[in-house]
Amino acid sequence: MKLIDLKLTNYRKFKDIELDFSDGLIGIVGPNGIGKSSLVEAIAWTIFGKDAARTDKQLIPRQNRQKGEACQSILTIAVDDKEYQIVRQITGANYTSKAAVFTKANGVKEQVAKGIVPTEKFLTNLIGLDKNSFFTSFYAKQQELNALSYKQPAERKNIILKMLGIKRIDKAVDFLRADKREIQSKIEILKTNKIDNTVLQAQAQKLEVENKEKETKLKEVNKVTMKFKQKSQNMERKLSELKKRQKIFSEQQIKKQKLESQIASEKEAISDTQKLIDDFKQELLKMSDIEQQLTHMEKLEKKLKKIEEQKNKTLILKEKESELERHKRQLGAKGFDSSTLEKKITENTRKQQKLYKQLEKIEHKKSNIEDSARAIKLELEITKQKIKELEAGFASLANTKKMDKCPLCHQALEKNKKNDLINHYAREKKALSVSIQHNTKLLQDKRAEFKKVNNNSIVLKEELDLLEKKLASHNLQKENNQTEQKKWAIVLKVIENLEDEIKELKAVKYDNKEHEKCIEQLDELKSLKGKLEHQTTLKKKIGDFQFLNKKKGSDISNLEKKLKETQEKLTEIDFDEEIYDETFSKSKEYINKLHDNQLILKDLDKEHSLIENSIKQIKEELDRAKSIKRQLTTLNNTANNLAKLDNIFSKLKKDLIGRIRPSLGKKAGSYLNELTDGKYTRLELDDNYNITIFDAGEKFPIERFSGGEEDLINLCLRLAISELLNKSACNDFNLLILDEIFGSQDATRRNNIIKALAKLSKHFKQLFIITHIDEIKDSMEYLIRLKEVDGYTTVLQN
């Protein structure tokens, strides 16, 4: 296998890098923690998936990547001169893993595997190595190299055997022996559960005899039961027919009784109704003269109605007179002096206009004072500015020895005129200061005057406000007076109408005694009217009752007809109560006998089932005994086979160790001879994996050599282990990665190791050196330098 190129996106610290891998000695250089070993991990992760990563998959994507960006690795490798592109991704918030493999030939890309499991299975078969074998074959760390020489022989032996995968034979043997112990335990348990077949067979024969006896008895009882069942069924059929007749007979009997009861009830009702009719007729004879007496009642009612109308008009007259008196009092209680109110409104309006003129003069005066104050203030500011200019000119004259021009007017200055000019400045300043004092006093006077005028303005505004409120009140009162005057006109009209109505009502005459007399006469006649109404009601009831009796007579005829039909049906029904009771008694007797035989039959059947179950259980026990015997035979055979396998694996391990140790020593010696230019020709490992080196034909232990030579010997032994593993996997040995193998060696020893590694190009097309030591960069044929930029790792290639 050979690496072609690698592209990483958002993997660990790498944001976006692309690497092309050449043949030769390749250095991966960068400070500790920059991500050198992460490059090797990325290659392994791309091939073998999550098992090759040192953390959970949630920690593989770059932490500060943009939302929605995937973590991706694309690795191109060559196996048997054919290129394969491997793509692996982690995407989405759920960290979903994806993987695929493509072939690349003549610019055409074809997918050969898709999905996590298919991809890993395809690549394991393609490379011929699993994850552990891959790291052991292609990847070596400093601590592994140190362990090969610094450990005790027994520890060194275990490390080498573990690296070569021979230790897995011990694990297989442990599994075999555990299985053997488990099988032996099962054999012992089965032996304790072994059953005697002779006793079981005797019990089975005895139960078979009992079972036949029970079957014979069951047949006899069943025959008797069937006989009673037949008789019982015959009696049931006969009883069923009798029950049907009994039901019909009972229904007709009940119907007959019901009809007889209805006829008697109807006849009794007719008799009661006829009695009421006779009573009503007697009562009517007593009321024959009421109609004549009631003829006078209608005249009295008309008279009473007329008298009540007169009474109502008299009452209305009193109400109208009372209302007229109330309106007259209301009209005389109030009066309105509209002329006085008008005078007040005119006077207040004149005062308001006068105040508005005064306020206008004051506001004009305020404005003039403000203008004067602003002019004085402006003049003060100008005067102060002039003083500043004079002071500046004066200062200039005082500090200047020679001056050609006036600092104010900028005209030519005659000789010896400086003092005159200074005196002039002083006079001007004094005049301006006097002007400032005068204007300041004027400004103060103007402010005082403004305050006084402003106070007068406020007083006038308050008087105007009060006057406006009075005018508003007078106007409102004027409106109310006008409304009341309209109401008085209406009241006068009402009084006039009331007087006319009272005049008409006084013409009506009402006699209270005549009214009372008429009411008494009507009350006497009303009792007769009630009797007349009762007479009408009696006549109606007599008619209704006579109609009802006629209808009931018709109903009685119908009921008697139905009764006759029912009696005829009862005669036709052939039903005898004694025959029914006798049949019922016999049916019950046969049912009881049948029930008793069925219980006997049930008990016999239960006993028969118990015997059959016992026979079944014994047969099952016999089958189980046979099964235990077969299981014991199988388990004994399996135990024997496992013992043979144990022996075979033990011999295999011994044979492998015996054959691998010389091959490992021979291959490591070949690398040592090549890397030391023939100085050390051989390397041997004894049975205890002690290392000895041949120097000038003489054998020496590894402890005799210098530290640099020990590192070289360890490297040769590690290379030999990798080559043996690759040969076992049928792979071309083209790749080796050495991670931080220099340890704490000085520069001389490092250079010696690098020179030795450079000689291995015929064995390894690609030899990677991972180190944090920057000085080795000049010794590399190809350099990959890692550097941190803006929080992520980037790559510089030379």
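Visitor: Is threonine 103 buried or exposed?

Guide: This is a predicted model, and in it threonine 103 is buried, with a relative accessible area of 9%. That value falls under the 20% limit for a buried residue.

Visitor: Where does threonine 103 sit, and which residues does it touch?

Guide: Threonine 103 belongs to strand 6, residues 96-105. Leaving aside residues up to four places away in sequence, threonine 103 touches Lys82, Glu83, Tyr84, Val108, Lys109, Glu110 and Val112.

Visitor: What does the protein chain consist of in terms of helices and strands?

Guide: The protein chain has 15 helices and 15 strands. Of its 798 residues, 34% are buried. Among contacts between residues at least 6 apart in sequence, 74% join residues at least 24 apart.

Visitor: Let us turn to charges. How many salt bridges are there?

Guide: The count comes to 22 salt bridges. Side chains of opposite charge can pair when their charged atoms come close. One of the salt bridges joins lysine 2 and aspartate 23, with the closest N and O atoms 3.1 Å apart.

Visitor: Which parts does that pair tie together?

Guide: Lysine 2 is in strand 1 (residues 2-11), while aspartate 23 is in the loop between strand 2 (14-20) and strand 3 (24-29), so the pair ties together parts that are 21 residues apart in sequence. Aspartate 23 counts as partly exposed because its relative accessibility is 40%.

Visitor: And which residue forms a salt bridge with glutamate 266?

Guide: The partner of glutamate 266 is lysine 552, and their closest N and O atoms are 3.2 Å apart. Glutamate 266 lies in helix 7 (residues 197-286) and lysine 552 in helix 12 (residues 512-572), so this pair ties together parts that are 286 residues apart in sequence. Lysine 552 counts as buried, at 17% relative accessibility.

Visitor: What about lysine 461: which residue is its salt-bridge partner?

Guide: Lysine 461 forms a salt bridge with glutamate 363, and the closest N and O atoms are 4.0 Å apart. This pair links distant parts of the chain, with lysine 461 in helix 11 (residues 418-506) and glutamate 363 in helix 10 (residues 338-399), 98 residues apart. Lysine 461 is partly exposed, with a relative accessible area of 45%; glutamate 363 is also partly exposed, at 31%.

Visitor: Where is arginine 12, and what is its phi?

Guide: Arginine 12 lies in the loop between strand 1 and strand 2. Its phi is near 50 degrees, a positive value in a residue other than glycine. Most residues other than glycine have a negative phi. Arginine 12 is buried, with a relative accessible area of 12%.

Visitor: And aspartate 80: buried or exposed?

Guide: Aspartate 80 is exposed, with a relative accessible area of 63%. Its place is in the loop between strand 4 (71-79) and strand 5 (82-91). Aspartate 80 also has a positive phi, near 55 degrees.

Visitor: One last topic: which residues lie nearest the centre of the second largest pocket?

Guide: They are Leu675, Thr676, Glu709, Leu712 and Asn752, out of 16 residues that line the second largest pocket. About 280 Å³ of space lies in this pocket.

Terms used:
Residues are numbered from 1 along each chain as its sequence is written. This is a predicted model: local features need pLDDT of at least 70, side-chain atom pairs count only at pLDDT 80 or more; totals for chains, interfaces and linings use all residues. Side-chain values use heavy atoms; hydrogens and water are left out. A salt bridge is a side-chain nitrogen of Lys or Arg within 4 Å of a carboxyl oxygen of Asp or Glu. Helices (H or I, at least four residues) and strands (E, at least two) are DSSP runs, numbered from the N terminus. Buried means under 20% relative accessible area, exposed over 50%, partly exposed in between (1.4 Å probe, protein chains only). On a 1 Å grid over the protein atoms alone, a cavity is a set of points where a 1.4 Å probe fits but cannot get out, and a pocket is an open set with protein on both sides within 12 Å along at least five of seven lines; lining residues have an atom within 4 Å of a point. Grid points are joined across faces, edges and corners, and a volume is the space filled by probe spheres set on the points. Contact means heavy atoms within 4.5 Å.
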